[in-house]
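Work through the exercises below with the sequence and the model side by side, trying each task before reading its solution.

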Amino acid sequence: MVASTFGIVHAYLGDALDTAGYKTLPCYLALFILAELFELALAYDALRLRNVIQLLGIVGFHCALIVFSALQVHETKIAIVPCYLSQCGDNPNFLWDKVMPFLVVAPCIVGASWILIIYWIKALYEEFGWVIFHVVGANPKLKSMFQYYQIFICLLKLDFFCFVGVTMQLLIVVLAANSAEFGVTIAAIPIVVILLAGCAYAVQREIKWLMTASLVLMVAAMTYFVYKLVRFYEPSSEQQYLSTRATLTVFTIFAFLLLLASFIVGVKCFRDFDKGLHDSKTQDVSISADQRYGSFPKAQERESAYSTGGVALQPQISIE
């Protein structure tokens with residue numbers, strides 16, 4: 001649907017697609033495709049590591065994708081209506097009428113796939129429920145600490161995508177290359193990338209000074225997003241962001257909330273340093289999932305123990 005929309009608009013606009021009024025469209029479509037690819041990578045990583053927390057994160061991410069695909073309808077209409085092409089004649093909605101069905105179908109398909117994703121992730125949740133037990137054992141405190149660690153890593157991955165989304169829209173669509181704000185945005189890229197990579201490494205290896213510095217930088221990043229949000233609606237600069245303000249606002253708010261959640265969970269993980277989880281976290285990346293978790297008993301094998309003549313039941317420990 002996204003490719004069809006872009007193809008139709010490009011066929012009518014041609015080189016005019018690169019002008020300021022229309023270049024929002026290819027940026028949004030590219031961002032939508034990037035979101036789909038990111039979700040695929042996230043799903044592959046979650047399945048490879050049998051990470052239940054990350055699977056639940058995919059449910060939330062896909063829900064946000066529904067919102068973004070719906071916003072895309074509004075933003076595309078702003079970009080191409082009214083139509084000034086010679087083919088449009090007296091109909092200002094000529095181009096919009098061509099692409100509107102494809103844009104409306106996209107959130108419907110994404111929404112329907114969200115229901116299927118929930119169904120399959122529920123099944124995987126039951127299948128992967130033993131993973132944390134195999135990594136940290138039956139200790140409920142260690143189990144809770146490891147879950148917070150997994151939540152933190154998942155949040156960092158989502159932070160990365162939201163930052164890429166905001167930055168891509170600012171650099172491609174809004175900011176002029178000779179503006180001071182363009183330079184500030186460029187300078188923020190390596191800082192945020194280092195922040196996210198440093199956070200992940202620090203929490204995994206339990207490096208206290210690096211974790212402290214990462215949390216401080218996280219506060220600075222949240223301040224940056226608040227600054228950008230104010231700029232979107234400030235009278236002196238609101239015209240600059242008018243064509244992209246709705247999507248930029250949603251992305252910026254999501255990015256801020258994710259960073260805030262990352263900071264809170266990061267502080268919790270920092271407090272869990274030196275409490276016996278270090279080996280489990282480093283083991284989690286040093287050996288393969290099959291070596292880590294072994295093979296789980298199949299449902300039929302678990303049930304056979306209850307039949308007459310079956311083997312004696314082993315002590316059962318709940319991890320719920």
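**Exercise 1. Decide whether Phe225 is buried or exposed, and find its ring partner.**

Solution. Phe225 has a relative accessible area of 4%, and it is therefore buried, a word that here means under 20% relative accessible area, with exposed meaning over 50% and partly exposed in between (1.4 Å probe, protein chains only). This is a predicted model, in which local features need pLDDT of at least 70 and side-chain atom pairs count only at pLDDT 80 or more, while totals for chains, interfaces and linings use all residues. Residues are numbered from 1 along each chain as its sequence is written, and side-chain values use heavy atoms, with hydrogens and water left out.

The next step is the partner: Phe163, which is also buried at 4%, forms an edge-to-face aromatic pair with Phe225, at 6.5 Å centre to centre and 75° between the planes. Rings of Phe, Tyr and Trp (its six-membered ring) pair if their centres lie within 6.5 Å, and planes under 30 degrees apart count as stacked, over 60 as edge-to-face and the rest as tilted. Because Phe163 lies in helix α6 (residues 140–174) and Phe225 in helix α8, the pair ties together parts that are 62 residues apart in sequence. Helices are DSSP runs (H or I, at least four residues), numbered from the N terminus, as are strands (E, at least two).

**Exercise 2. Say how many aromatic pairs the whole structure holds, and describe the one between Phe38 and Phe61.**

Solution. A search of the whole structure gives 11 aromatic pairs. In one of them, Phe38 and Phe61 are tilted, at 5.3 Å centre to centre with 55° between the planes. This pair links distant parts of the chain, since Phe38 is in helix α2 (residues 24–49) and Phe61 in helix α3 (residues 52–80), 23 residues apart. Phe38 is buried at 15% relative accessibility, and Phe61 is buried with a relative accessible area of 9%. Finally, ring pairs join Phe38 and Phe61 with Phe32, Phe68, Phe161 and Phe251 in a cluster.
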